[in-house]
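User: Hi! I'd like to learn how to read helix packing. Could you walk me through it with an example?

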Amino acid sequence: MRRTLLKPILSTQILIASCLAALAFALGQPASAQSCTGRLVKHAMGTSCVPKVPKRVVVLDTGELDSALALGVKPVGAVTPAGQPFQAYLGNLTQGIEVVGTVQQPSLERILALRPDLILTSKLRHGQLYDQLSRIAPTVMAETVGVVWKENLLLAGEALGRSAQAKVLLAQYERRAGQLRNRLGGRGRLPTVSILRFTPGQIRSMNRANYIGTILADVGLPRPAFQSKDTFADYISLERLPDLDADYLFYATYGDPAQTDQAFVLASPLWKGLKAVQNGRAIAVSDDVWFLAIGVLGANRVLDDLEKYLLAGK
């Protein structure tokens with residue numbers, strides 16, 4: 001009798017184990033290390049079994065697009081910022097990449113149609129879609145974006161099987177940032193730099209805990225006291241402009257300037273009274289590069305701008 005009862009119990013356990021293994025496969029997660037024929041990559045949502053050499057990659061944020069292209073991998077699909085094309089600084093590198101929606105709203109149908117073998121994004125952007133994305137292809141998610149762009153490049157490098165190349169790219173960037181710091185320091189006091197971004201309905205005073213903040217820190221550029229905070233940004237009114245004054249003020253606009261307060265601010269007496277404005281050192285820069293890039297290609301373009309303006313003394 002005991003043996004007779006044991007058989008259905010064992011059969012049920014085997015069935016449950018089989019279902020769990022099938023579910024793990026469907027979600028893009030290895031049932032065990034032994035079942036993964038590719039490579040196991042740990043990330044913000046767990047561990048994924050990715051192909052040894054991914055060939056059909058989809059990226060769902062601007063930083064992942066920058067990282068993949070920097071590593072010599074052209075994705076088959078990518079998202080764009082809402083209402084915008086691919087970032088202009090990437091030039092011809094984006095030719096042939098299929099648009100699969102926006103950062104804010106990727107299209108699962110378009111992604112599925114491309115038959116990807118790897119999806120790259122972050123938990124911050126698309127953590128709620130992880131299960132759905134993992135059913136399409138192995139999905140690797142960074143924890144967040146912006147200030148951790150270097151770690152995200154290394155994670156993308158691991159997922160793409162190009163860890164060595166990612167480390168080389170970072171080393172080259174850091175060496176170049178250090179060289180610029182030394183060149184600026186040789187001229188005496190390093191200039192203070194302030195960062196302002198116009199977005200629809202907001203004037204953002206950018207602090208240190210963001211993508212552009214890390215680049216300025218790598219070059220050793222001091223910030224005005226109001227922006228010397230380990231936070232993302234302050235959303236300010238026109239009256240706070242004097243707190244942003246510095247030797248140089250770089251500003252950019254997201255999207256259509258007509259949909260922001262840029263024209264109003266730049267015409268105001270408070271703007272015109274800033275030391276940086278009066279000295280011709282309030283400089284408009286590319287939002288694509290300074291804010292949307294979030295990757296090593298964009299970071300090197302920021303260094304280009306800093307060399308151009310700070311070394312020229314404009």
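Analyst: Happy to, and please keep in mind that this is a predicted model. Two packed helices are described by the angle between their axes and the distance between the axes. Here, helix α7 (residues 163–185) packs with helix α13 (residues 296–311) at an angle of about 10°, and their axes are 11 Å apart. Since angles under 35 degrees count as roughly parallel, α7 is therefore roughly parallel to α13.

User: What is the handedness of the crossing of α7 and α13?

Analyst: The crossing of these two helices is left-handed. On the α7 side, the contact is made by Leu169, Tyr173, Arg176, Ala177, Leu180, Arg183 and Leu184. The α13 side brings in Val296, Ala299, Asn300, Leu303, Asp304, Leu306, Glu307, Leu310 and Leu311. Sorted by class, the contact of α7 with α13 has eleven nonpolar, one polar and four charged residues.

User: At what angle do helix α2 and α13 pack?

Analyst: Helix α2 (residues 62–70) packs with α13 at an angle of about 90°, with the axes 7 Å apart. The two helices are therefore roughly perpendicular to each other. Asp66, Leu69 and Ala70 of α2 meet Val296, Leu297 and Gly298 of α13. That contact of α2 with α13 has four nonpolar, one polar and one charged residues.

User: And how should I read α8 against α13?

Analyst: Helix α8 (residues 211–219) and α13 pack at an angle of about 55°, with their axes 11 Å apart. That makes α8 oblique to α13. The crossing of α8 and α13 is right-handed. Tyr211, Ile212, Ile215, Leu216 and Val219 of α8 make the contact with Gly298, Ala299, Val302, Leu303 and Leu306 of α13. By class, the residues of this contact divide into nine nonpolar, one polar and no charged.

User: Let's turn to the rings. How many aromatic pairs does the structure hold, and which residues form one aromatic cluster?

Analyst: For rings, the thing to look at is the distance between centres, with pairs counted within 6.5 Å. The structure holds seven aromatic pairs. Tyr248, Phe250, Trp290 and Tyr309 form one aromatic cluster.

User: Where does the charged end of Lys229 sit?

Analyst: The charged end of Lys229 sits over the ring of Phe226, at 4.0 Å from the ring centre.

Technical notes
Residues numbered from 1 in each chain as written. Predicted model: local features only at pLDDT ≥ 70, side-chain atom pairs only at ≥ 80, totals over all residues. Heavy atoms only, no water. Axes fitted to C-alpha atoms, helices over the stretch in contact; angles between N-to-C directions. Helix = DSSP H or I, 4+ residues; strand = E, 2+ residues; numbered from the N terminus. Parallel < 35°, antiparallel > 145°, perpendicular 65-115°, else oblique. Left-handed = near helix turned anticlockwise from the far one by under 90°. Contact = heavy atoms within 4.5 Å. Nonpolar A, V, L, I, M, F, W, Y, C, P; charged D, E, K, R; others polar. Phe/Tyr/Trp six-rings, centres within 6.5 Å; stacked < 30°, edge-to-face > 60°. Lys NZ or Arg CZ within 6 Å of the ring centre and 35° of its normal.
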